[in-house]
Amino acid sequence: MKILHWYYDFLNLYGDYGNLVVLKKHLLDQGIECVIEQKTIGDKIKLSDYQFIYLSAGSERNQKVVLHDLRSCKDELQAYINAGGLMLLTGNSMELLGQKIDDEEALGLVEFSTKHTDKRFTGDVIMDSEFGKIVGFINKSSLIFSNNPYPLFKYLFKDENLQDNEFEGYHFNNVIGTEIIGPILVKNPKMMKALVQKIMASYYPDLSYQELSYEYEEDSYRVTLEALSKR
């Protein structure tokens with residue numbers, strides 16, 4: 001299996017590369033060999049060569065640099081998504097698929113716009129989702145204005161500093177975008193499991209998912225959820 005870690009050098013904050021490290025381990029445990037290829041601006045890329053694409057968080061300046069480069073392959077990315085390609089975007093990389101970032105046109109694939117501010121919005125969250133309760137952390141300097149019909153999460157708890165939205169992120173076709181950083185798949189074993197099962201169903205239908213225990217990941221999730229639930 002080939003995984004694309006796109007713009008690994010520009011979108012590289014908050015240890016989110018851990019999402020791929022742990023995803024690779026989980027896939028190996030299911031008998032699936034993985035190769036993670038790191039590509040960036042100027043590299044020749046054929047998106048259809050990959051079974052999974054990942055973009056993580058970067059600085060606001062780097063986000064704009066990536067946006068300018070992404071525009072050149074918007075049609076190829078749209079074709080990848082339409083064909084059912086799997087994709088995860090975390091942190092402010094998820095904003096790239098919206099309509100606008102400030103006054104600049106973004107890729108226009110999801111109905112929301114982003115506006116940067118002089119204020120940072122940071123805090124812990126608990127979300128309701130198709131994967132069960134999600135724990136995470138948000139750290140951003142942008143506001144999301146959304147008509148998005150494909151919300152990913154619903155807030156159950158958030159620190160007061162965060163934007164007063166009811167929903168967060170998006171999930172359409174096989175694309176997941178969320179502002180949560182940290183890394184989200186490491187912190188949320190059920191979401192990791194669902195992603196692995198989706199990959200297997202999409203590309204390895206002859207393999208049966210094996211129920212395995214990941215004690216440290218599961219204990220960390222439980223402790224975090226209990227602590228946040230008491231606040």
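Which residue stands opposite V175 in strand 12? The residue is F172, and this pairing is a handy way into the structure above, which is a predicted model.

- Six strands form an open sheet in the order 2-1-3-4-12-11, and their pairing is mixed.
- Strand 2 (35-39) and strand 11 (170-172) stand at the edges of this sheet; each has a single partner strand, so one side of each is left without a neighbour in the sheet.
- From one strand to the next, the twist averages 15 degrees.

**Strand 12 and its two partners**

- Strand 12 covers residues 175-178 and pairs with strand 11 in the antiparallel sense, over three bridges.
- Besides F172 opposite V175, this pairing places Y170 opposite G177 in strand 12.
- Strand 4 (residues 86-90) runs parallel to strand 12, and four bridges join the two.
- T90 has T178 of strand 12 as its bridge partner.
- In a regular strand, side chains alternate between the two faces of the sheet.
- Both faces of strand 12 are covered: V175 and G177 are buried on one side, and I176 and T178 are buried on the other.

**The hairpin between strands 11 and 12**

- The hairpin of strand 11 and strand 12 has two residues between the strands, and N173 takes a positive phi near 50 degrees there.
- N173, which is found in the loop between these strands, is a residue other than glycine with a positive phi.
- How exposed is N173? With a relative accessible area of 45%, N173 is partly exposed; the range for that class lies between 20% and 50%.

**Aromatic pairs and charges over rings**

- Searching the whole structure gives four aromatic pairs.
- The ring centres of W6 and Y7 are 5.2 Å apart and the ring planes meet at 15 degrees, so this pair is stacked, given that planes under 30 degrees apart count as such.
- W6 and Y7 are both buried.
- F112, Y150, Y170 and F172 are linked into a cluster by ring pairs.
- K2 lies over the face of Y50, at 5.0 Å from the ring centre.
- K158 lies over the face of Y155, at 3.7 Å from the ring centre.

**Backbone features to look at**

- Y7 sits in the loop between strand 1 (2-6) and helix 1 (18-29), and its phi is near 55 degrees, a positive value in a residue other than glycine.
- Y7 counts as buried because its relative accessibility is 0%, where the limit is under 20%.
- Which peptide bond is cis, with omega near 5 degrees? That bond runs from G182 to P183.
- P183 lies in the loop between strand 12 and helix 4 (184-187).

**Helix 5**

- Helix 5 (residues 189-203) has 15 residues, which at 1.5 Å a residue should span 21 Å; its end C-alpha atoms are 21 Å apart, so the two values agree.
- The buried residues in helix 5 include P189, M191, M192 and L195, and V196, I199 and M200 are also buried.

**Two residues and their surroundings**

- K133 is found in the loop between strand 7 (112-128) and strand 8 (134-146).
- K133 counts as partly exposed, because its relative accessibility is 43%.
- Leaving aside neighbours within four places in sequence, K133 is in contact with I126, M127, L156, N188, Y221 and L225.
- K133 and K154 are 21 residues apart along the chain, and their C-alpha atoms are separated by 9.6 Å.
- G136 is found in strand 8, and at 4% relative accessibility G136 counts as buried.
- Leaving aside neighbours within four places in sequence, G136 is in contact with G123, D124, V125 and I180.
- G136 and K100 are 36 residues apart along the chain, with 25 Å between their C-alpha atoms.

Terms used:
Residues are numbered from 1 along each chain as its sequence is written. This is a predicted model: local features need pLDDT of at least 70, side-chain atom pairs count only at pLDDT 80 or more; totals for chains, interfaces and linings use all residues. Side-chain values use heavy atoms; hydrogens and water are left out. The expected span of a helix is 1.5 Å times one less than its number of residues. Buried means under 20% relative accessible area, exposed over 50%, partly exposed in between (1.4 Å probe, protein chains only). Rings of Phe, Tyr and Trp (its six-membered ring) pair if their centres lie within 6.5 Å; planes under 30 degrees apart count as stacked, over 60 as edge-to-face and the rest as tilted. A charge sits over a ring if NZ of Lys or CZ of Arg is within 6 Å of the ring centre and within 35 degrees of the ring normal. Contact means heavy atoms within 4.5 Å. Two strands pair if DSSP finds at least two bridges between them. Axes are lines fitted to C-alpha atoms, for helices over the stretch in contact, and angles run from 0 to 180 degrees between N-to-C directions.
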